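Open your viewer, have the selection tool ready, and follow along.

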Amino acid sequence: MERFDVAVVGAGPAGSTTACRLARAGARVLLIDKARFPRDKPCGGGLTLRAVKELPFPVDSVVEDVVTRVTCRLRYGRSFEREGRTALCLMTQRRRLDHFLVERAQEAGAHFRDGVRVRVESETRIRVDDAPVDVDAIVGADGANGTTAKTLDLGGDIVPGVALEGNVRHGVVGADTYRGRMVIELAILPGGYGWIFPKGDHVNVGVGGWGSEGPRLREQLNRLCTEYGIDPADVTGLRGHRLPLRRPSTRLAGERALLVGDAAGLVDPVSGDGIYEALVSAQLAAEAITTGTIDTYASKLRERLDPLASAGWGAKVALDRFPRAVFAIMRLPVTWSALEKVVTGEVRDPASTRGVERRAMKLIEALARRAGDPGRAYEAPPAAPA
């Protein structure tokens, strides 16, 4: 019977980066995925600068475009454009990124098996193509549709979001039209937005929102394309995917198992981006397993990500309820300065901004409270008096 220190189930960004960090620390790691790599994955494919800073290696070889400008528009009406002081987001494709991350894990010493059937039996045993494998710990990294969390009585209490995206090749869309620029179309559907992201030989177009919006996503994507002069018939590779949003009560770890990335519901509520959260969870998961402190993983992850989740939920409901007011605040140069610092990782969350930037963030927080802000549930309780 085979034996490993750790089995990482799922080889997306969270799983592969966890495996890489563990292998670098000397652990014998088995990284497994049911898909055969390289494989594609529905995702906008953007790596914010704050996400890139969480990687233990550069990703230049899989970058297809570098976004330095953002155009924000409200319901196909008013718009504004802002230029970053540095790069804001690196554009890639999940087929390339995930394969690249698997290769880095293998270089670090992780054993990788793809295209296999995986069944988790307990926190210390899995089956790979029906062959038993014993482990000391398990990392659930099999995404929103994975079974590891349920099998191990983890996860739960997830708010569902959904997205639909596809690609439009250059030639249909001018190669220079969106180069270095992303477009965010705000408040076109409840709980979300539309986007246009530049890639090497195409642009990625998509819409996302609350889970209840699923039946309307195709209609909304067609409208987005039409508004930007794209024939919906020219959109190829249409794919829908779930956006799992955790609540404060989501169970993130057991005695010898923990969840990372989408499997843990670690998706930013307002942007729908989960790669930054995936990479943060990978670093904390590897640290917890290496030091034998899995029992501290959940609290450390919440300490790191709850302020961002709180702000994201607040902005999400404020944008739903008061779209014009939120848009007006976003247009302020001081607001852009604050958001840029969050996206590039200069500060960890909006509450960490200072001065006039912090006051701009407080305006959105005030609107969130009026909208019944669910993000307040993520805020740490006040410290007890000494």
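Start by selecting Leu284, Glu287, Ala288, Thr296, Tyr297 and Lys300: together they line the second largest cavity. Here a cavity is a set of points on a 1 Å grid over the protein atoms alone where a 1.4 Å probe fits but cannot get out, and lining residues have an atom within 4 Å of a point. You are looking at a predicted model, in which local features need pLDDT of at least 70, side-chain atom pairs count only at pLDDT 80 or more, and totals for chains, interfaces and linings use all residues. Residues are numbered from 1 along each chain as its sequence is written, and side-chain values use heavy atoms, with hydrogens and water left out.

This second cavity has a volume of about 30 Å³, a volume being the space filled by probe spheres set on grid points joined across faces, edges and corners. Now colour α6 (275–290) and α7, which each supply at least two of its lining residues; α6 gives the largest share, 3 residues. Helices are DSSP runs of H or I with at least four residues, strands are runs of E with at least two, and both are numbered from the N terminus.

Next, move to the largest cavity, with about 110 Å³ of space. Of its 13 lining residues, select Arg246, Val267, Asp268, Pro269 and Ala309, which lie nearest its centre. Then show β16 (236–246) and α7 (297–321), the elements that give two or more residues to this lining. The largest share, 4 residues, comes from α7.

Notes: On a 1 Å grid over the protein atoms alone, a cavity is a set of points where a 1.4 Å probe fits but cannot get out, and a pocket is an open set with protein on both sides within 12 Å along at least five of seven lines; lining residues have an atom within 4 Å of a point.
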